[in-house]
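Hi everyone, thanks for making time.

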Amino acid sequence: MMLVRWLLVVASAGGLSSRSRSREVVDRVRSATSPMQVRKLVEENAEVMNPYIISAAMSQYRRFRRPEDALRLFEGTKASVAHNAFTFAEAISATGPDWRKALELLREMREAGVEPNDFAYRATISACGRGRQSDEAARLFEELRRSAAAPPTVSTYNALLTTFEKTGEWKRALDLFAEMRTTKGVRPSLVTYHELITACTHGKQWTKALDLFAEMRTSKNVEPTAASYGLAISACDKAGFSRQAVELFLDLKAQGLRPDVLTLTAVVSTCVRAGQADKAMDLLEDLRTERASGSEEEEESEEDDTKLLPVKVYNSFLNDLVKTQQLARAFEVFEDLQKRGIFEPDVVAYNTLISGCEKAGHWERALELLEELRGKGLSPTIVTYVISMAACKRGGQADKALELLSELKARGIAPTLPVYSVAISALCEKDGSRTDEALRLFAELQFQGLKPDVVTFTATISACVRGDRPDDAVALFEDFQRRGLEPDLIMYNSLISACAKARRYDKALDLFDEMQRKRNLT
């Protein structure tokens with residue numbers, strides 16, 4: 001009798017020791033700072049491996065953006081560990097947009113005798129959302145609601161709302177929200193309102209989005225954050241409600257909240273498109289002055305991009321001015337900000353202005369900006385070269401465009417398809433004198449492993465038409481068709497013109513008939 005009692009005590013102590021070690025391993029896994037550290041902890045504690053340790057490790061792998069490691073751990077421990085609802089849910093969460101794999105794991109979970117819980121259903125619904133499978137997500141939600149498991153939580157409702165937001169189904173999102181508000185024990189959260197406002201904004205339901213934000217402000221359960229204001233201001237931006245956007249921005253500041261970059265760019269964009277660039281500048285200047293004076297009590301880390309107005313906010317301002325054809329104003333802002341020492345332009349800022357010059361036909365100013373960029377020690381990007389060459393093309397400066405192509409190659413940068421397309425377009429001289437050069441570039445880009453697209457073929461065909469080379473133009477078109485590409489109206493017009501010049505009237509009529517049969521061309 002004494003021996004049995006002693007054995008029970010020893011066994012009990014061993015169990016306690018095992019549970020204690022398991023908790024310790026879980027804590028260490030959750031504190032891991034790298035996926036390598038997680039893997040090492042798993043390997044070192046293989047003899048006490050259990051669902052809790054595995055679940056913690058899988059969660060960490062996902063946090064480190066290593067979902068493949070999470071799935072590998074799940075699959076590798078099937079033979080030695082009986083997985084529970086949480087390990088299955090973690091595995092489902094690691095499937096990313098592979099919604100079929102998520103459904104397969106949910107089915108496997110049932111076959112293993114593990115009843116799916118709300119976490120597992122939520123993970124599967126989210127996977128369906130990432131895969132844009134809203135009907136499948138809605139079916140799973142209904143399945144959970146009818147099951148013996150706990151009823152859907154607010155997090156599960158939010159997962160389905162997110163799915164509807166991703167698939168652009170704002171009506172279904174609002175219907176679910178209406179149901180959610182009448183469901184006992186479920187209260188809309190901050191995430192709920194954010195997903196709904198985003199869904200309505202994407203669905204161009206600006207008023208509904210702003211009504212939801214107004215409801216948030218009066219709710220006893222949810223308090224709007226800076227991100228909430230940002231979403232509402234973004235809706236105003238898309239709708240062109242400049243006055244409301246400014247009012248919301250000022251209210252955000254009055255509430256002591258800090259606008260993030262997206263909020264700042266949205267309110268600036270709204271003002272600029274409403275012809276109120278000065279108002280946008282005033283808002284940014286007031287905010288910059290407040291922060292520079294240290295009037296805000298809360299200190300932020302150096303990584304907080306809202307402490308000072310980052311260059312991307314000013315870049316967005318310049319881009320908005322260029323897009324609304326206010327190029328002269330963009331240059332004024334560009335110069336003024338630099339003079340006052342509050343803005344050091346980067347390559348993006350220069351690209352924006354060069355692009356504006358290209359659209360306005362100011363090729364000389366575009367090249368001056370390119371030189372200025374280099375003078376500041378900045379390196380032109382492939383985008384810089386494309387838009388600079390496009391400016392030269394628009395200005396009829398083919399040689400300068402080719403000089404930029406040569407410079408690009410000399411720097412060891414491989415020309416992209418847009419680079420070649422612009423260069424070929426630049427060679428479409430009215431007298432057709434540079435058709436051979438265009439054809440050489442067309443051959444060169446293919447030799448470099450690039451596949452010509454509609455733009456490239458159209459430019460090359462146009463060069464052949466200008467050079468009275470109809471046979472070459474038709475041969476290029478036949479090559480184009482063999483590749484399974486779809487011609488546009490510009491290409492048809494060029495080809496018909498080429499055939500007419502060559503007195504190949506039957507071919508011209510065939511192309512015209514073919515063009516008319518395509519409903520998307522007029």
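**Helix packing and ring pairs**

Let's start with helix H23 (residues 417–426) and helix H24 (residues 435–447), whose axes come within 9 Å and cross at roughly 170°. That makes H23 roughly antiparallel to H24, a label used for angles over 145 degrees. Axes here are lines fitted to C-alpha atoms, for helices over the stretch in contact, with angles from 0 to 180 degrees between N-to-C directions. Helices are DSSP runs (H or I, at least four residues), numbered from the N terminus.

Before going on, a word on the source: this is a predicted model, where local features need pLDDT of at least 70 and side-chain atom pairs count only at pLDDT 80 or more, while totals for chains, interfaces and linings use all residues. Residues are numbered from 1 along each chain as its sequence is written, and side-chain values use heavy atoms, leaving out hydrogens and water.

Back to our helices: Leu417, Tyr420, Ala423 and Ile424 of H23 make the contact with Ala438, Leu441, Phe442, Glu444 and Leu445 of H24, contact meaning heavy atoms within 4.5 Å.

Phe442 also belongs to a cluster linked by ring pairs, together with Phe457, Phe477, Phe480 and Tyr492. Rings of Phe, Tyr and Trp (its six-membered ring) pair if their centres lie within 6.5 Å. How many aromatic pairs does the structure hold? There are 12. Take Phe334 and Phe343: their ring centres are 6.3 Å apart and their planes at 75°, so this pair is edge-to-face, the term for planes over 60 degrees apart. Phe334 and Phe343 are both buried, that is, under 20% relative accessible area (1.4 Å probe, protein chains only).

Conventions: Phe/Tyr/Trp six-rings, centres within 6.5 Å; stacked < 30°, edge-to-face > 60°. Buried < 20%, exposed > 50% of the residue type's maximum accessible area, 1.4 Å probe, protein only. Helix = DSSP H or I, 4+ residues; strand = E, 2+ residues; numbered from the N terminus. Parallel < 35°, antiparallel > 145°, perpendicular 65-115°, else oblique.
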